[in-house]
Amino acid sequence: MRRRTLLLGLAGAAGAGSLAACTADTGTGTGTGTGTGTGTAGATSAPASAAPILASTTASSLAPRSVTMPYVPPPGRAPASAFPVGRRTLELSRGERALPTTVWYPATGTAAGTPAPADEAAAATGRFPLVLFSHGLTAQPRDYEPMLARWAQAGFVVAAPTYPRTSYGAADLDPADIVNQPADASHVIGALLAPGGPAAAMIDPARTAAAGHSAGGITTAGLFSAHRDERLKAGIVLAGTDFQGTPFTGPAAAMLFVHGRRDETVTYRAGHTVFSAVPWSRAMLSITEGGHVTGSADFEATTGTATEFLRWALYGDAAAKARLPEAAAAGGVATLDNQL
């Protein structure tokens with residue numbers, strides 16, 4: 001099993017960067033990305049329960065729906081100043097499924113222009129919204145640190161579990177294990193929100209979102225459909241598709257989709273179909289020349305739009321919602337379909 005996950009590197013003072021890419025070879029049930037490394041593949045064909053996930057990377061079967069349940073967050077205001085960023089790893093698990101979770105969070109001190117997370121830094125005073133982030137196939141949480149640290153800098157606690165059978169270095173790599181990841185994600189949320197839990201003191205349990213890239217985007221879709229976690233107020237799906245063809249369900253939530261029009265791993269057609277199937281407030285950022293990877297050219301549009309979306313959806317900041325078109329226009333690389 002060959003992993004090819006490419007990190008394009010980070011730009012300097014502007015804070016631009018790129019995220020790890022992951023791809024799924026739906027014909028063999030093995031994962032590929034962009035870089036080097038080795039692992040052991042799982043089954044060479046996915047079980048029936050995973051077949052709809054693999055098929056939906058080309059075309060989703062979800063039917064289009066009108067926005068009939070708009071999401072309206074309680075009014076509020078996001079922090080006006082940036083925070084320095086702390087980072088720690090929590091050793092969590094669900095039964096025998098180890099889920100070590102990297103957490104980025106607002107810290108005390110003076111914020112740098114480009115977030116440079118400090119391990120075990122003292123947390124800033126107050127409680128902040130939680131964003132559960134799911135990585136892509138053959139990736140790992142720190143591959144996404146340029147974006148996730150920006151969210152923490154803006155006033156969010158971001159928790160990213162390492163999934164046991166789809167992450168880089170997994171002893172028994174198995175893309176079909178995506179079917180188990182929404183339950184893993186919900187378990188991590190519960191562990192973080194539990195009274196006396198390892199991060200409970202810094203999290204506002206009433207303001208929770210989920211986000212993810214590729215296989216992690218599919219996992220995120222599952223949290224709003226087949227495995228609906230009603231604690232979630234918002235979701236961000238980066239280069240993802242539906243979860244087992246299951247329609248969105250449950251209370252209204254805000255959803256943001258980000259997808260490259262030239263994505264050859266999870267097609268833009270599939271991603272747009274899933275966006276059109278959301279019955280709640282929704283938006284889609286389409287990267288004109290984008291593929292499956294967020295690169296330096298579209299990092300600011302992606303990260304800025306996602307940050308303003310979270311400020312509105314979790315803090316109720318109306319000014320952030322008004323800034324979404326400007327954020328999406330950064331670099332002239334994307335268009336925004338805004339139905340929030």
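I checked Arg311 and found a relative accessibility of 19%, so Arg311 counts as buried (buried is under 20% relative accessible area, exposed over 50%, partly exposed in between, with a 1.4 Å probe and protein chains only). I noted that this is a predicted model, where local features need pLDDT of at least 70, side-chain atom pairs count only at pLDDT 80 or more, and totals for chains, interfaces and linings use all residues. Residues are numbered from 1 along each chain as its sequence is written, and side-chain values use heavy atoms, with hydrogens and water left out.

I placed Arg311 in helix 6, residues 296-315 (helices are DSSP runs of H or I with at least four residues, strands are runs of E with at least two, numbered from the N terminus). Then I listed its contacts (heavy atoms within 4.5 Å). Neighbours within four places in sequence aside, Arg311 is in contact with Ala78, Ala154, Phe156, Gly316, Asp317, Ala320 and Arg323.

Next I looked up the largest pocket. Its volume is about 210 Å³. I counted 14 lining residues, with Pro79, Ala80, Ala154, Arg311 and Arg323 nearest the centre. Helix 2 (145-153) and helix 6 are the elements that each give two or more residues to this lining. Helix 6 has the largest share, three residues.

For the method, I wrote down that a pocket is an open set of points on a 1 Å grid over the protein atoms alone, where a 1.4 Å probe fits, with protein on both sides within 12 Å along at least five of seven lines; lining residues have an atom within 4 Å of a point. Grid points are joined across faces, edges and corners, and the volume is the space filled by probe spheres set on the points.

I turned to the aromatic rings. The structure holds nine aromatic pairs (ring centres of Phe, Tyr or Trp, the latter by its six-membered ring, within 6.5 Å; planes under 30 degrees apart are stacked, over 60 edge-to-face, the rest tilted). Phe156 and Tyr315 pair edge-to-face, at 5.4 Å centre to centre and 70° between the planes. Phe156 lies in the loop between helix 2 and strand 7 (157-161) and Tyr315 in helix 6, so the pair ties together parts 159 residues apart in sequence. Phe156 is buried at 0% relative accessibility. Tyr315 is buried too, with 8%. I also logged one aromatic cluster of Tyr71, Phe309 and Trp312.
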